[in-house]
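Here is a friendly briefing to read alongside your model. Please have the sequence and the 3D view open as you go through the points.

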Amino acid sequence: MAFNIDKFAETSQRVKWADLDMGEFITRPLPEKTLRCLRYMCDVEYHTVCYMRDMLVTPSHQDRDVSTFMTMWNREEYWHGEALAEVLGLHGIVVDYDELKAKRMKLGWSEALKPLKQSLLSNMVGADFIATHMAWGAANEWSAVAAYRRLADLEKHPVLAVLLKRIAAQESRHVAFYATQARRRLESSRKAQRLTRFALRKFWAPVGSGVMDPDEVDHVMRELFGGKDGAHEIDRLDHNIAKLPGMDGLRIFHNATAHARESYRAEAVSA
Amino acid sequence: MAEEPYLALHRQGRLYGPTDQELVLRTPFEVQQFTLDAQGSLRAEVDTRAFQKHPLSPERLRDLQYLWDVERSTMGQVRHVVVSYTNKESRVAAFLTTWAYERHWIADAYQAILEAHGQDVSGPVVHDHLFLDRVEMALDTLAPMTDSVWTNLFGEDVVAGQMARGWSREASMRAAIQAFDDAAGHPELSALLQRVVRLKRVHERFFAVETGERVRRSPRAAAFARRYVSFGFNPMRPVGVSRNAFREFIASVCPTVHDTHLLLQQADEPLQRTPETAGTEPLRRALERDGVVNRYALF
Ligand SMILES: [Fe+2]
Ligand SMILES: [Fe+2]
């Protein structure tokens, strides 16, 4: 058994930062380009409740393991948001209830009607849709691990690096759940494989796309995955997805970040 | 745009929100503190050996199973909230995140007692669903489609309706747990149940204060609150839990008319005290509708 839900629940904690010297951010503030990445990540973390919502409209919430996972996962992600909001706050960037609500209101009907869309799809496709959700979730969590580790390495800020690695460790636990679920559900259904492959190839975009402005998505992808090490990381991510049943040869990360990485190269050449 | 310095885009530190007004309703309930104090596993407080010495009767185990099923239904309720306009309410979302977490561990504590009695807790819930239960579940599957549209058309007033339901549920379950405790008369069980009641009182207070503030601000919010707790709502029976199981539970923990009367009073009283929701009596209506009490039996 690759993933034990009871153990996951028992060991689920909110990420802690009280023991870290947050004053470091005053004496050694982060550069703007990093703050911009952190804000992106922070918004995406708080937005988890919307990803959870899309999952909840499928019949999966009646499954005990899934429902337990979502309870713990949603709370862990919420605290990732809180932790990043704390760091941003020390740099004068406010992310509070009002800011989050303003953001969601700005998204308007496109966000409000997502449950309708998801629900229609779920009722049309049936149980195989859950497999797609799980594979999608795995892709998102894999990229979250990579993103936090990359930012920790790039920035080399003593306190930020520790905090981001703590968050990344929790993201790895999320990966374990989604990947295990996806593998099991994909293995048992050819139809689920075809559907998932199609959905990932056609529609997958980095977490936060459709929620954040395209400029912001671009900035984060350029910062984190531009350059040689970034490209290496992208290959690793694609490799993970390709190992899921029926997903071999997919290069969703490569394709989704191609534009951003190209513009990073162009900038590097002109500089 | 990309060339413009990132920080310069902020107004008083904000990228999206207005700087001159608060968008989110704040009440005296400290959500931040609640999220920090979240209660995790209660297993250490369940004295399983005491249950081996003094086991619960089969009837009491069935009652407990009912409470377990209700507590496990959290995600179904979260679903209704997050597909609706209320998903924009970040403060409510922060509360619900922790509320769901605490309810998970309450359910887990019940499960520990069921396990201590050798009950099988691994399988899915099997309910003796009647035709009506099935219709209800089918409609519930479709609800996200309609709810996402109409709640966003009406906007924030809808939140009061959902908060009122939460309030009624918490008050009713608090009363139900108390009735169960009285009926069981088991000291170790009582210790855990009273612990649960303390946690649930906090949940109840959130929903109560939230409803109260919202219904006072807007007559339309008050109308939503009344409608939400009056129609198609049973505060003690989530969708998926059968009417039969509900009837059995009530009959078991409230053997006399007097007991039922007391349960109703404790469950519905909080909403009675608020002028905007007075007269709704959600649990009494539900009991009448699900055929547990005759409309005139209690007079
Ligand atoms: Fe996260
Ligand atoms: Fe995650």
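In this predicted model, Phe95(B) is buried, with a relative accessible area of 0%; buried means under 20% relative accessible area, with exposed over 50% and partly exposed in between, using a 1.4 Å probe and protein chains only. Local features need pLDDT of at least 70, side-chain atom pairs count only at pLDDT 80 or more, and totals for chains, interfaces and linings use all residues. Residues are numbered from 1 along each chain as its sequence is written, chains are lettered from A and ligands numbered from 1 in the order in which they are written, and side-chain values use heavy atoms, with hydrogens and water left out.

**Aromatic pairs**

- Across all chains, the whole structure holds 23 aromatic pairs; rings of Phe, Tyr and Trp (its six-membered ring) pair if their centres lie within 6.5 Å, with planes under 30 degrees apart called stacked, over 60 edge-to-face and the rest tilted.
- Phe29(B) and Phe34(B) make an edge-to-face pair, 5.8 Å centre to centre with 65 degrees between the planes.
- Phe29(B) is buried at 4% relative accessibility, and Phe34(B) is buried at 7%.
- Phe29(B) also pairs edge-to-face with Phe95(B), at 5.8 Å centre to centre and 85 degrees between the planes.
- In chain A, ring pairs join Phe3(A), Phe8(A), Phe69(A), Trp73(A), Phe177(A) and Tyr178(A) into a cluster.

**Charges over rings**

- Arg75(A) places its charged end over the ring of Tyr101(B), 3.8 Å from the ring centre; this term requires NZ of Lys or CZ of Arg within 6 Å of the ring centre and within 35 degrees of the ring normal.
- The charged end of Arg227(B) sits over the ring of Phe224(B), 5.4 Å from its centre.

**Iron site**

- Donors are N, O and S atoms within 2.8 Å of the metal (3.2 Å for Na, K and Ca), and sites may look incomplete because water is not among the atoms.
- Glu77(A) bridges the iron ion (ligand 1) and the iron ion (ligand 2), which lie 3.8 Å apart.
- Glu77(A) is buried at 3% relative accessible area, and Glu171(A) is buried at 1%.
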